[in-house]
Amino acid sequence: MNNRKRIGRDEQGIHPGRTKENLFGRTQGRLTLTYSSLTIVLLALFVGVVYVLLSYIVINGQKDNLLSLVAVERALVEKNMQEGKAGDTLDNRRLWGSGSDQFFYYVLGSDGKVISGNEMFPGMRSDLLGLVQDWKPRAKEIKEVSLSVPADVLDNGEEDAAPVAPSTLHLMVTGQNVLTKNGPEMTLYAGINVTPQYKLLHRLLMLLILLAILFVFIACLIGWLMSRKAMVPIVKSYNRQREFVGDASHELRTPLSVLLASVNALELELGQDAPSFARRTLSNMKDEIRRMTRMVQDLLVLARSDSDELELVKRDFDFRPIAEKTMQSIRRLKAAKGIRMELEGPDKMVLNGDPEKLRQVLTILLDNAVKFTPRGGEVRVVLSDRDKDGRPIFHLSVADTGVGIRPEDVERIFDRFYRGDKSRTRGPGGHGLGLAIAKWIVEAHHGQIALLSEEGKGSIFNVDIPVNK
């Protein structure tokens, strides 16, 4: 029973309009992705540069502050030593210098013992001394350290104070030798608390990332709108081109038919007594008219497939006799080249589809194989109703021993009007539409067509169509 369906309304068929929309949608998506990716890269670079620059300014500012603080305290220590004072003792809770972020200072003798010093939190004295006792700093050398401090250590002992949570402190530590009458025998170590600056930089980084995410979203939206606007003239141009191809194909069919009829009439009028030059000229004219007619028919098929006007006549049928008849017709037309043609496969190949369109696929593949196979070559057609995993499928394979196809041409061989080696496609019918039509017909049956080829050794076209569709 014939089941005539327009492809655009067939749930099991390829919808050309939908295919076209998917093509334009993918193109718009790629444009949006390209624009958005570029924006994301620029924003990432901007965030990175801003963060690194601000970090450099803030951290180096703290380093300069620490070095200035140590210089002031060193001068105070040297002055006290010259006056014979031992300096502030550990029991004195006052920190020298004017730095509000100063966390500790210690003056250590050459034997590593503490001569004088103080710290913001007495409970951290052992940890802080452990940082500096075995360290001999070079000139202007600064060490950055992180210390995990328990809550009880940070508690200042005031009754009305809020509870203190455990914290991680970031400190900058440096040291300078203290000059005495007998030379440098003491070292002054000092450290400042840069935890607020690190927290500020962390919050700044989070803010920059949030702003970058917001700008990325805005950039994606703008990119989508811009790509959509850019696709408008492309869609209009595509539609005009499609309409032109369809209209031109319709208009060319009538004059070509008239030309062919006129040439046939001239042949009848001249008869067998006509000069050989006239007969050859008329024969060449008929060949060219037929070639142009085939090209116009192919253009019309593609134009109708693009405009959702081509119909598939789907029914259950046996493909084996169609393959045999098609090979017989090709064999008669190409008998002069002496090419061997073989058919392998089961005696019955039943599937649901358009028999005329699938016959056209086989004709295109056979014509392509014979055209590029040298004299005395071989073309083999293989039919199969199972795939390599044993699942039911309609498989058609057309293999030849021809010149093969270059690797750079394999990816584009199914494009319309594409001809990889122009020198091999100058013969009749080499207009580059056959394989594009074959691909469309196979995809209209929810199938796939693929090419395996090695230059100089031949090509194999494989067609797989699910039978459950």
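Residues are numbered from 1 along each chain as its sequence is written, and side-chain values use heavy atoms, with hydrogens and water left out. Because the model is predicted, local features need pLDDT of at least 70 and side-chain atom pairs count only at pLDDT 80 or more, whereas totals for chains, interfaces and linings use all residues.

Helices (H or I, at least four residues) and strands (E, at least two) are DSSP runs, numbered from the N terminus. Two strands are taken as paired if DSSP finds at least two bridges between them. Strand β13 (residues 458-466) pairs with strand β11 (residues 392-400) in the antiparallel sense, over seven bridges; here His395 stands opposite Asp464. Strand β13 is also joined by seven bridges to strand β12 (residues 448-454), again with antiparallel direction, and Leu452 faces Ile460 of β13. A hairpin is formed by β12 and β13, with three residues between them, and Gly456 in the turn has a positive phi of about 90 degrees.

Most residues other than glycine have a negative phi. Lys140 is placed in the loop between α2 (125-132) and β4 (142-149), and His446 in the loop between α9 (434-444) and β12. Relative accessible area is classed as buried under 20%, exposed over 50% and partly exposed in between (1.4 Å probe, protein chains only). Lys140 counts as exposed because its relative accessibility is 67%, while His446, at 31%, counts as partly exposed.

A nonpolar core is a set of buried Ala, Val, Leu, Ile, Met, Phe, Trp, Tyr and Cys residues joined through side-chain atoms within 4.5 Å. The largest such core has 40 residues, and Phe319, Leu365, Leu366, Leu396 and Val398 have the most contacts inside it. Two or more residues each are given to this core by β7 (311-318), α6 (319-333), α7 (355-371), β10 (378-386), β11, α9, β12 and β13. Helix α7 supplies the largest share, eight residues. With contact defined as heavy atoms within 4.5 Å, and residues up to four places away in sequence not counted, the residues touched by Leu396 include Leu362, Leu365, Val381, Phe461 and Val463. Another core, of 18 residues, lies apart from this one, and among its members are Leu108, Met124, Leu129 and Leu131.
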